[in-house]
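Here are a few notes to read alongside the model. Take them in any order you like.

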Amino acid sequence: MMTQIETILAGKGIYFLTLLLLTLGLYGIIVSRNYMKKLICMNIMQVAVIFFFLCFAQKNSGTIPVAMKHIVHAVEYINPLPHGLMLTAIVVSLGTTGVGLALLTRIKEKYGSIEEKDIIEGEKQFR
Amino acid sequence: MKNLPAYIVLLPLCSALLSLALSKIHKHLGRDVVFGALVGSLVLSVVQLVRVIQNGPIHYIFGGYKIPYGIEFSVDTINAVIVIMVCMLGVLSCMFAFNFDKNGDALQVGGAYTMHALLVLGMVGMTMTGDVFNLYVFLEITSLTAYCLIAMGGSRGIVSAFRYLLVGTVAATFYLLGVGILYSVTGTLNMSDMAACLKQGNNDSAMLMAMMFLISAFGIKMALFPFHGWQPSAYTHAHTGARPLIAGAMGKIPAYAMFRYLYCIYGKDFKYFRYVLLIIGVISVCGMIYGSVRAMAQKDIRKVLAYSSVAQIGYISLGFAIGSPLALAGAFLHMLGHAFMKGGLFFAAGAISWKYGTFDLNDFGRIYKRMPFTAGLLTVGALSMIGIPPTVGFFSKWYLACGAAQTHEYVYIFVLVLSSLLNAVYFFKVIEKVFVQADKNRKPLHPEGKGVTEAPITIMIPVVTCILMILLLGVFNVKVIDILLISLKGVAL
């Protein structure tokens, strides 16, 4: 029994953790009342997906994907593509966070607060 | 002209990068460069469509890397037509936006057109790309620029943009998860290669999981019924110059991407294909009713049009849910037609607000006397939304109904008719306001001469073009359907 759980945890446990992180982020976006917190939760969610990609790219007894003379078979290297993709995804999430923070600054200027109830109150003034 | 697909993307990209710098030299230099580049893209995309019809699909490979390792642009008749639609709306709304940047400084004006060009670039790229991760990058370009353009619409626009940013990022994350699952199963990112790998393997449950993520991702981006929460306020409070482009084209491109995933990557061999189609059918039917009912209750024309978009996107995804070649062609015809209808109605609303500074339907009384072309566009667009021949709205609904009859899905025909009747309720209200209601004699914002004075020529060209496109697409619908069917025959049910 214990060994079964151990093998599942060793093989797939990390995916449960990333799923937990993803749902945590989603939950945070839904329930937080503060827009800054929503933005942070959005970032947590993006990180979860990055972890997901990095996890399935992992391989036992593989080395870094730099061609070496004595290692000739492709099997012995890690696939670099998911890591490359995630570099792009990190850049995109940086861009999104930047735009989000810029918008938050403007919201703070116009409405004087980034709490949801104050913003909803403030929205009634503008048509 | 070997590099035709690359040029269509590169021209707006270069102009976008130049626009901000050039507007430092002269306020309007940047916007002229962007406009020229978009016109160039439009011309090239027409050339591309002609080539595709004559010589078959184009596969453009970037950097000479072998497929499936490199990135490719694959263009068949479907996306060639959609690229033309996007470029055309891009040119028209760029021209339209000339009138709404009077009181910004050089940085604001240049930046707005940078965003404009990047939005067109993102949508064109999403349409043409043959690589699933490339599609993600273009999706993010489209979304980020859309957030900026919505935020430029003023105090409420900023809040709408921020809410859209949260929801849109959830969508992008879900898309990335779906891609991750598919990549871990197939080990490839190229669309056609992925389709071949998925056919061989026996990974139905993983594919179903990925499909659920993809449907919710594209559903959020195209504002399909249960995911539409961000859309009405975003359309309402967006920058007036960019609103036709955002409302007219931005919702259609994720719908097109959903079609690619459903029919080109998954295909009818997928074990749960019927169930997936059923789910899409049910949510689009709900959306068609819900959007029309909500639109009836609105007084602001922007809100009316935004809620009607929820219903009209439902028509497009309904076509995907039916899945016969005729229904798919009808869905794409509706995509084209609706881009010009909704874009056109927002052009008309923008023209009225340029002149009188109002979006309230009750202020539209007898506006046909002073703005005959704009009133004409409101009428033609409204009739096309309801679906009255010879406008394009009738024919796209007709093909959808024909497709539904072929596959014996009579419930869909019933809902189609019901939704059209609901459309009639609120669009006849618009027509009534324009022609019958008492004139409020609002003061024009800009000084004008005697007699009939329309908005300036840069507003009139988009308005007249939209009227013509709605009528021409309707009259020559058989031609368009034939072009679409060249590529659709291979993939439909």
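At roughly what angle do the axes of helix α11 and helix α13 of chain B cross?

1. The axes of α11 (residues 252-266) and α13 (residues 301-322) of chain B cross at roughly 10 degrees and come within 11 Å. Axes here are lines fitted to C-alpha atoms, for helices over the stretch in contact, with angles from 0 to 180 degrees between N-to-C directions. The two helices, α11(B) and α13(B), are therefore roughly parallel (angles under 35 degrees count as that).

2. A word on the source: this is a predicted model, where local features need pLDDT of at least 70, side-chain atom pairs count only at pLDDT 80 or more, and totals for chains, interfaces and linings use all residues. Residues are numbered from 1 along each chain as its sequence is written, while chains are lettered from A in the order in which they are written.

3. Back to that helix pair: Ala255(B), Met258(B), Phe259(B) and Leu262(B) of α11(B) meet Ile313(B), Ile316(B), Ser317(B) and Phe320(B) of α13(B) (contact means C-beta atoms, placed from the backbone, within 7 Å). By class, this contact has 7 nonpolar, 1 polar and no charged residues.

4. Now look at α14 (residues 325-356) of chain B: its 32 residues reach 46 Å from first C-alpha to last, close to the 46 Å expected at 1.5 Å a residue. Of those 32 residues, 30 are buried (20 or more other C-beta atoms within 10 Å of a residue's own). Gly357(B) follows α14(B), and its phi is positive, near 65 degrees.

5. Finally, the chains: the contact takes 27 residues from chain A and 22 residues from chain B. On the chain B side, α6(B) gives the largest share, 15 residues.

Notes:
Contact = placed C-beta atoms within 7 Å. Helix = DSSP H or I, 4+ residues; strand = E, 2+ residues; numbered from the N terminus. Expected span 1.5 Å × (residues − 1). Buried ≥ 20, exposed ≤ 12 C-beta atoms within 10 Å, placed from the backbone. Parallel < 35°, antiparallel > 145°, perpendicular 65-115°, else oblique. Nonpolar A, V, L, I, M, F, W, Y, C, P; charged D, E, K, R; others polar.
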